[in-house]
Amino acid sequence: MKLTYHLAALPKGGNSVQEYEDAAWPPRSGCVATPLFRAAVADGATETSFAALWARLLVRAYCKGRLRSSQRGIQSLRPLWLRSVADRPLPWYAEEKVRQGAFSTLLGLTLSEHGWEASAAGDSCLFHVRGEACLTAFPLRQSNEFSNRPVLLSSRPHGSGTDTIQGEGTWEGGDNFFLLTDALAAWALGQAEGGRPPWETLGRLVQCPEGFAAFVAEERCADRMRNDDVTLLLLRVE
Amino acid sequence: MAYNAEISRNNPSCFLFLIDQSGSMDDHFASGESSRKKADGVADAINRLLQNLVIKCAKSEGVRDYYDVGVIGYGQKVGSAFGGTLAGRHLVPISDIADNPERVEERSRKIDDGAGGLLEQTVKFPIWFSPVARGGTPMVEALGRAGDILSAWIASHQGSFPPIVINITDGESTDGDPQAAATSLRDLATDDGPVLLFNLHLSSQQGAPIEFPHDESGLPDQYARLLFQMSSELPAYMREVAQGEGYEAGQGARGFAFNADLVSVIRFLDIGTRPSNLR
């Protein structure tokens with residue numbers, strides 16, 4: 001199985017690159033020949049602290065195969081997060097934030113020669129696309145399913161559950177898998193619902209950082225895309 | 001559409017609390033927390049609200065200045081009610097509030113241990129505002145002072161989400177009818193909409209709490225009715241949030257509450273609860 005993968009990512013308009021709180025793995029574009037490949041995106045919740053770190057821990061753990069049992073895997077990540085954020089004296093408000101924990105979505109995709117499997121918590125979405133036809137949208141299927149309260153994985157035991165939704169299918173050579181965080185996923189579904197399949201456009205823009213940034217700025221400005229961190233990971237399988 | 005400006009560090013919003021510090025605030029609550037003095041309950045609520053606002057704005061790198069916040073007391077005098085290094089200041093960026101409590105107490109609280117039990121934990125409880133109960137109730141002067149402060153703020157924040165003013169009182173103005181001053185305050189506006197004035201009435205009258213009513217017919221006395229009339233209608237999104245939390249808050253609901261739990265009421269007036277609006 002031969003794969004090429006491309007990553008494009010942007011912070012919210014008005015924020016710096018350091019304030020970007022999504023995460024993706026692999027963390028850069030590339031290509032590989034392998035019998036098994038994992039990729040993931042995650043969206044750290046804005047209102048929590050240290051969410052980018054939690055999102056990064058989740059995508060990396062998924063891609064290393066450590067979340068095959070999501071419950072045990074996530075439980076084992078929590079001490080790592082806590083050790084990283086509470087390793088020094090913190091002001092009173094940061095202590096409270098650590099107590100509350102960080103929250104993130106997670107979308108993982110495993111490709112093998114037998115097919116694909118996906119695992120999702122929250123509203124980061126996978127689109128399996130052949131040509132301009134979207135064969136599967138997972139876990140959300142329509143643009144009106146997005147809300148401000150998605151399911152999130154917590155970095156603290158009291159925060160929330162560890163349940164993920166599973167999906168699977170088969171692929172053919174030349175198929176594309178788009179992994180998108182919510183603002184871009186909602187935009188893409190809206191375009192598709194309006195009879196304007198966005199996949200060719202996204203496939204082109206993901207390879208051109210300047211073009212991608214200009215496109216996102218224009219869609220935000222026209223109020224067609226929510227101003228949020230944006231992550232697009234595209235995998236093409238041969 | 002009004003009340004949809006994005007709240008950001010370049011485009012912050014503003015909360016101004018007006019706190020009745022008259023001698024009658026030394027009385028006890030009529031219901032609910034009847035063992036406590038009103039002034040103590042209000043001080044505790046304001047400190048919790050400031051904590052919640054700071055925590056909402058706290059990110060990994062520190063506290064982001066999404067809000068300017070003021071606390072004006074009115075009783076023996078009208079002026080800033082902050083203690084410590086913030087004393088005398090009217091509107092303070094939220095990061096300054098975070099870093100400058102008058103003191104930090106330690107309190108214990110029970111938390112879920114994740115395994116069905118409870119753990120007792122010591123947490124820091126910062127204090128910016130102490131209870132005071134002295135003098136009359138110069139509400140007209142307090143609303144006028146709020147108008148001066150917010151006129152100046154709006155002049156330099158015309159594109160911002162409009163300021164929210166929360167007046168907490170036991171009711172009876174002693175320096176005249178406050179209606180005109182309240183109307184002048186509500187007439188101030190940014191490009192995103194007029195100032196929102198909410199009134200929280202802590203009456204000594206017995207009676208079940210009333211939150212966000214849409215008419216005054218069920219209110220128990222003239223002071224409650226006057227405060228209701230002075231209150232802004234809740235914008236649509238606030239009604240949605242309030243309804244989501246079980247309040248009726250129908251069409252025409254006002255930002256008024258009678259003998260209600262202060263922290264839970266104000267939580268819904270706090271637009272920062274909408275993460276999509278903050279960056």
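What is the relative accessibility of Arg89(B), and how does that residue count?

Modeller: First, a caution: this is a predicted model. Arg89(B) has a relative accessibility of 32%. Buried means under 20% and exposed means over 50%, so Arg89(B) counts as partly exposed.

Now look at its partner. Arg89(B) forms a salt bridge with Asp96(B), and the closest N and O atoms are 3.2 Å apart. The cut-off for a salt bridge is 4 Å, so this pair qualifies. Asp96(B) has a relative accessible area of 25%, so Asp96(B) is partly exposed too.

Arg64(B) forms a salt bridge with Glu61(B). Here the closest N and O atoms are 2.8 Å apart. The setting is a buried one for Arg64(B), with a relative accessible area of 5%.

Some charged residues link up in a network. In chain B, salt bridges join Arg36(B), Asp44(B), Arg48(B), Arg103(B), Glu105(B) and Arg107(B). Over all chains, the count comes to 24 salt bridges.

Now cross to the other chain. Between chain A and chain B there are 4 salt bridges. One of them joins Glu21(A) to Lys59(B), with the closest N and O atoms 2.8 Å apart. The side chains of Glu19(A) and Arg9(B) also meet in a salt bridge, at 2.7 Å from N to O. Where do these two residues sit? Glu19(A) lies in the loop between strand E1 (2-10) and strand E2 (22-25) of chain A. Arg9(B) lies in the segment before strand E1 (13-20) of chain B. Their surroundings can be compared with the cut-offs. Glu19(A) is buried, because its relative accessible area of 13% is under 20%. Arg9(B) is at 29%, so Arg9(B) counts as partly exposed.

What else holds a place between the chains? There are 11 residue pairs in polar contact between chain A and chain B, counting those with both residues at pLDDT 80 or more. Helix H3 (residues 92-100) of chain A gives 7 residues to the side that touches chain B, the largest share. By class, that side of chain A has 7 nonpolar, 10 polar and 10 charged residues.

Step back to the whole contact. It brings 27 residues of chain A against 29 residues of chain B. Together the chains bury about 2200 Å², and 51% of that is on carbon and sulfur atoms. In chain A, Trp92(A), Tyr93(A) and Arg99(A) lose the most area to chain B. Together these three account for 34% of what the side of chain A buries.

One last stop gives a contrast in residue type. Ser231(B) sits in the loop between helix H5 (222-230) and helix H6 (236-244) of chain B. Its relative accessible area is 3%, so Ser231(B) is buried. Its side chain makes a polar contact with the side chain of Asn199(B), at 3.0 Å. Beyond residues up to four places away in sequence, Ser231(B) touches several others, among them Arg186(B) and Arg254(B).

Definitions and conventions:
Residues numbered from 1 in each chain as written. Chains lettered and ligands numbered in written order. Predicted model: local features only at pLDDT ≥ 70, side-chain atom pairs only at ≥ 80, totals over all residues. Heavy atoms only, no water. Helix = DSSP H or I, 4+ residues; strand = E, 2+ residues; numbered from the N terminus. Buried < 20%, exposed > 50% of the residue type's maximum accessible area, 1.4 Å probe, protein only. Polar contact = N/O pair within 3.5 Å; in protein donor to acceptor, adjacent residues only side chain to side chain. Contact = heavy atoms within 4.5 Å. Buried area = accessible area lost by both parts, 1.4 Å probe. Nonpolar A, V, L, I, M, F, W, Y, C, P; charged D, E, K, R; others polar.
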